[in-house]
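Q: Hi! Could you walk me through a structure in plain words?
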Amino acid sequence: MMNIVSTASDLTQDFKTGYMTLTSPRSMFVSQVIGTAMGCIVSPCVFWLFYKAYDTLGHQGSEYPAPYAIVFRNFAILGVEGFSALPQHCLTFCFVFFVASMVINGIRDAVGKKWNRFIPIPMAMAIPFYIGGSFAIDVCVGSLMLYVWRRMNKAKADAYGSAIASGLICGDGIWTLPNSILALARVKPPICMKFLSRATDARVDAFLQSIKM
């Protein structure tokens, strides 16, 4: 049911965009039918490629943890077992942060455009809790780059910012396919980078020194 509602919502948004851009509704509908048919073929193939290429697909802490799969799995468990399946104090946290989110959004609307940009958006704060902190770091770096660009040349930043964002999103999304093919072929990267704590780094250095001796 959630997938059906989500698809209907996306379709409505697409038709709204088509209406605003004076696009033919018939062309929009035909495009949606073609896209849906292609998705029925492409999606299973892409899943098979990822499933074969990555042994840890869907595992917590892996390169592709599949956060939505974890969310829907927990929804199913909650629907079968009820609230007793939740961790202790989980509902309390949910209610507290639900009220806090309503309050923060109310404050954002009350202070006006001059000050609400300094108040964080609760939904944006919630995203890293689903897909990990690495995404938040990427967003922070991109936001800082756009902020500096706007300070230097606001007109060009506003004109070309969306195009650059689209290119980055498209390039990163397309790269996952050749990356999966390389992983499926068991191609190992020539260089590996990893950031460790000082204590862990000291243990690694000691281990390497013991191997050399």
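Q: What should I know before we start?
A: This is a predicted model, where local features need pLDDT of at least 70, side-chain atom pairs count only at pLDDT 80 or more, and totals for chains, interfaces and linings use all residues. Residues are numbered from 1 along each chain as its sequence is written, and side-chain values use heavy atoms, with hydrogens and water left out.

Q: How many salt bridges does a search of the whole structure find?
A: The search finds two. A salt bridge here is a side-chain nitrogen of Lys or Arg within 4 Å of a carboxyl oxygen of Asp or Glu.

Q: Which residues are linked in the network of salt bridges?
A: Arg 150, Lys 154 and Asp 158 are. Arg 150 meets Asp 158 at 3.2 Å, N to O, and Lys 154 meets Asp 158 at 2.9 Å, N to O.

Q: Where do Lys 154 and Asp 158 sit relative to one another?
A: Both are in helix H8 (residues 154-184), and because they are four residues apart, about one helical turn separates them. Helices are DSSP runs of H or I with at least four residues, numbered from the N terminus.

Q: Is Lys 154 buried or exposed?
A: Lys 154 is exposed, at 53% relative accessibility. Arg 150 is partly exposed at 42%, and Asp 158 is partly exposed at 36%. The cut-offs are under 20% relative accessible area for buried, over 50% for exposed and in between for partly exposed (1.4 Å probe, protein chains only).

Q: New topic: which residues form the nonpolar patch on the surface?
A: They are Phe 98, Val 99, Met 102, Val 103, Ile 107, Val 111, Trp 115 and Phe 118, with about 820 Å² of accessible area together. Patch residues have over 30% relative accessible area and no salt bridge; like charges are joined within 9 Å, and nonpolar side chains (Val, Leu, Ile, Met, Phe, Trp, Tyr) within 5 Å. Areas come from the Shrake-Rupley method with a 1.4 Å probe, and for residues only the protein chains shown count as cover.

Q: Which helix gives the most to the patch?
A: Helix H4 (residues 90-111) does, with six residues. Val 99 lies in H4 and is partly exposed, at 47%.

Q: And where does H2 bend?
A: H2 bends by about 30° at Gly 39; a bend is the angle between axes fitted to the seven residues ending there and the seven starting there.

Definitions and conventions: Helix = DSSP H or I, 4+ residues; strand = E, 2+ residues; numbered from the N terminus.
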